[in-house]
Amino acid sequence: MSVERTLKKLVSGVILDLDGTLLNTDGIVSEILKVFLVKYGKQWDGREAPHIAGKTPTEAAAAVVEDYGLPLSTDEFLSQFYPMLSDQWRNIKAVPGANRLINHLRGHGVPMALASNSSRSNIEAKIFHHAGWKESFSAIVGGDEVKAGKPSPEIFLEAAKRLNMDPSSFLVIEDSIPGVTAGKAAGMAVVAVPSLAKQSHLYTSADEVINSLLDLQLEKWGLPAFQDRMEGTLPLEPWCIGGPVIKGFGRGSKVLGIPTANLSPEGYSAILSEHPAGVYFGWAGLSGRGVYKMVMSIGWNPFFNNAEKTIEPWLLHDFNEDFYGEELHLVVVGYIRPEATFSSLEALIAKIHEDRKIAERALELPQYLKYKDDPYLKSSLHQEN
């Protein structure tokens, strides 16, 4: 398809949100809230996530205090909670694709601004630990530098003013509904990357909704396209996950004819929360057997409507028997596509087999083949059954 036919709007600058869009702040906030609420005999269950995403610190604090019936004022909550949070800012990881996006836009001279409901000092503290970020932005606007934070458009209009550019010439990238609302009210094009699972249907006012920054197509907005995909795949900074193979939902081999080797999500929720739902590939080390090519899905599996995020690897080798309980180590090296919803089982099966072909071919490329010798894969081979 030609670029002309897919072009949505011509923009010349990009304004990025911070928390949830570039940084996996939600994961750190959840971990600290768990600890904090225990002091008051409460248990964090994630129900506040939709109420605090994209809100100002005061609004988010008020939501938690009210929902949990805490014996605190909003200010008291903030004075106790914020020091715990700021201690952890150095540990907040960039979301997958954030460094790629910032480096790409900077390399092409695209003007960038950072606009967040967090205070300016908090923004500076959070990005301090991410090399090259601060100097990449021509303007940084915090929620304490404007009269009203998002969903008011003021924060984005101020960013445009500081860059001396017309608001309509910007693309905003946001993860929250208040942020999307603010961007549209500012007269800007908005791409939403929802940070809340299974909530993408709520982002109807955005010009485009994507699964993750890995799926961003800048050429749709007249910006320089990424050039780093290889044979239908995107190279990633490799990451590892492993554990004993468990019985899954029984659907892999029975329903789909695809024998997946499931890992328990227990203990892996933090790792899985860092990685967008989608189809990945890499290498699998199976105890006592060897190293095999592997394609896998992470996510909620829309077709089967899973209740929790799962990881389902498919080892691309014909095994004669099950290997439940055996130690499986995975090195994930690349990304194929976002999770998708299919209208039929046949369409899902056809797509999974297409994913297999892409993975098998790509893993022969030197970029990916070199990880076949990763020590983490070898370590599984020496473990006894």
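Which helix and which strand each supply at least two residues of the lining of the second largest pocket? They are α6 (98-107) and β7 (234-246). The model is predicted: local features need pLDDT of at least 70, side-chain atom pairs count only at pLDDT 80 or more, and totals for chains, interfaces and linings use all residues. Residues are numbered from 1 along each chain as its sequence is written, and side-chain values use heavy atoms, with hydrogens and water left out.

**Pocket**
- The lining of the second largest pocket has 26 residues, and V95, P96, G97, N99 and E237 lie nearest the centre; lining residues have an atom within 4 Å of a point on a 1 Å grid, where a pocket is an open set with protein on both sides within 12 Å along at least five of seven lines.
- β7 gives the most to this lining, with six residues.

**Sheet**
- Six strands form an open sheet in the order β3-β2-β1-β4-β5-β6, with parallel pairing (strands are DSSP E runs of at least two residues, helices H or I runs of at least four, both numbered from the N terminus; pairing needs at least two bridges found by DSSP).
- β3 (139-142) and β6 (208-209) are at the edges with a single partner strand each, so one side of each has no neighbour in the sheet.
- Strand β5 (residues 189-192) is joined to β6 by two bridges, and A192 stands opposite V209 in β6.

**Helix pair**
- Helix α4 (residues 57-68) packs against helix α5 (residues 74-86) at about 105°, with axes 9 Å apart (axes are lines fitted to C-alpha atoms over the stretch in contact; angles run from 0 to 180 degrees between N-to-C directions).
- α4 and α5 are therefore roughly perpendicular (65 to 115 degrees).

Notes:
Angles under 35 degrees count as roughly parallel, over 145 as roughly antiparallel, 65 to 115 as roughly perpendicular and the rest as oblique. On a 1 Å grid over the protein atoms alone, a cavity is a set of points where a 1.4 Å probe fits but cannot get out, and a pocket is an open set with protein on both sides within 12 Å along at least five of seven lines; lining residues have an atom within 4 Å of a point.
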